[in-house]
Amino acid sequence: MSLFNQSEKAYLMLADGQVFEGRSFGAKGTVIGEVVFTTGLTGYQETLTDPSYYGQIVTQTFPLIGNYGVNSADNESAESYVSGYIVREWCGMPSNFRCEGNINDFLVKNNIIGICNIDTRRLTRTIREAGVMNGIITTENVYENKDELLEKIRAFSIKNAVRTVTAPEIRTYEPEHKKYRVVLFDFGYKRNIRQELVKRNCEVIVVPADTTAEQVRGLKPDGIMFSNGPGDPSENTEIIANIREIQQLGIPIFGICLGHQLMALANGGRTEKLKYGHRGANQPVIDLESGLTYVTSQNHGYAVIGDSIDPAIGHVSHINANDKTCEGIRYTAVNARTVQFHPEAHGGPLDTAYLFDEFVETMERAGE
């Protein structure tokens with residue numbers, strides 16, 4: 001499109017020294033982050049506002065982004081946490097009855113530095129073959145100080161991710177007809193998790209990531225939700241220690257994504273970093289209990305090692321149909337189940353939304 005040809009030149013440089021030349025997109029400046037890709041055809045606004053992308057430069061593999069614009073209703077959080085944004089082409093003339101603006105203006109408003117008009121297919125193949133790596137987006141000429149920039153790129157790491165994105169205070173959200181009370185741990189939660197609970201008549205109390213078991217007990221919840229979030233799960237040693245105590249309260253627990261990983265670590269499991277992660281709305285997951293395969297929305301770079309879970313504590317309930325990694329755990333030693341994928345799936349398929357209904361049923365049985 002002619003719009004990006006009118007913008008100034010921009011560069012993406014990877015930690016291996018590769019340089020992609022394109023045009024500036026969104027906010028101007030320089031940013032370093034971990035370069036990842038997502039395969040979603042839609043849901044770009046949800047991606048941009050998902051706190052799980054904290055510290056990452058996100059590449060959209062779909063070649064045209066922004067064709068239905070942006071709107072205030074689809075944000076998954078109050079702000080954007082992505083470090084940078086990469087697209088092949090963006091649409092400057094979106095068309096949709098819900099449209100309130102275009103994606104370039106959205107990036108400028110949220111101070112997100114981007115680059116467009118590069119070969120995103122080549123970039124994605126590079127990440128798939130070599131694994132995720134750090135990179136920089138800049139409007140400066142990278143060839144003039146390449147060695148210096150490469151040193152900064154290679155030194156970058158994502159730290160204190162959960163502490164950066166979590167809410168500083170408790171917030172409560174009331175349904176029209178309150179039936180249950182759920183404490184939702186904000187590790188970087190997506191707004192639609194809260195909405196799915198409210199839709200099911202749950203009063204949702206969103207609490208900071210470091211909330212203790214004693215504080216949870218004082219709130220007298222019927223259920224506990226451990227949310228998604230960014231970063232290396234093993235970094236969160238204090239939260240993991242809290243979870244060990246929280247699970248002993250006997251209150252039903254449901255964990256999603258990072259919450260799934262932290263729960264596993266709290267129970268003696270181990271996690272590993274995936275070569276290039278699972279990010280997109282078309283990840284096939286097999287339910288080992290029913291034998292059914294579901295299409296799921298996912299966004300994670302780490303996975304629980306299924307064999308690391310003690311059979312006396314729990315068992316793997318779901319696996320990824322592509323690489324057989326662990327996608328869910330049903331615990332037997334405590335009242336909990338967790339999944340790696342996003343059952344709230346906004347945007348994405350609704351195949352596994354039934355897991356919220358199962359969580360509500362678990363709370364109902366526990367209250368009898």
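Predicted model: local features only at pLDDT ≥ 70, side-chain atom pairs only at ≥ 80, totals over all residues.
## A pairing in the sheet

In strand β6, Y85 is the bridge partner of V58. V58 also stands opposite V36.

Strand β4 is joined to β6 (residues 84–86) by three bridges, and the two run parallel. Strand β3 (residues 31–38) also runs parallel to β4, and five bridges join them.

## The enclosed strand β4

How many of the residues of strand β4 are buried? Five of the five residues, 56–60, are buried, so the strand is largely enclosed by the rest of the structure.

In a regular strand, the side chains alternate between the two faces of the sheet. In β4, Q56, V58 and Q60 lie on one side, while I57 and T59 lie on the other. Both faces are covered, and these residues are all buried.

## The barrel and the helix across it

The strands form a closed barrel of seven, in the order β1-β2-β8-β6-β4-β3-β9, with mixed pairing. Neighbouring strands of this sheet are turned against each other by 35° on average, direction ignored.

The pairing of β1 with β9 is antiparallel and comprises four bridges. Here Y11 stands opposite T138 in β9.

Helix α4 (residues 120–130) lies across several strands, namely β1, β2, β3, β4, β6 and β9. The helix runs at about 90° to β3.

## Aromatic pairs

The structure holds 11 aromatic pairs. One of them joins Y11 and Y143 in an edge-to-face arrangement, with 6.0 Å from centre to centre and 90° between the planes. Y11 lies in strand β1 (residues 9–14), whereas Y143 lies in the loop between β9 (133–138) and α5 (146–155), so the pair ties together parts that are 132 residues apart in sequence.

Which member of the pair is buried, and which is partly exposed? Y11 has a relative accessible area of 7%, so it counts as buried, the cut-off being under 20%. Y143, at 44% relative accessibility, counts as partly exposed.

Another group of rings is an aromatic cluster formed by F25, Y85 and W90. Its member Y85 is also the bridge partner of V58.

## Charges over rings

Two arginine residues are placed over aromatic rings. The charged end of R122 sits over the ring of F20, at 4.1 Å from its centre. R194 lies over the face of Y173, and its distance from the ring centre is 3.9 Å.

How values were computed:
Residues numbered from 1 in each chain as written. Heavy atoms only, no water. Buried < 20%, exposed > 50% of the residue type's maximum accessible area, 1.4 Å probe, protein only. Pairing = 2+ DSSP bridges. Phe/Tyr/Trp six-rings, centres within 6.5 Å; stacked < 30°, edge-to-face > 60°. Lys NZ or Arg CZ within 6 Å of the ring centre and 35° of its normal. Axes fitted to C-alpha atoms, helices over the stretch in contact; angles between N-to-C directions. Contact = heavy atoms within 4.5 Å.
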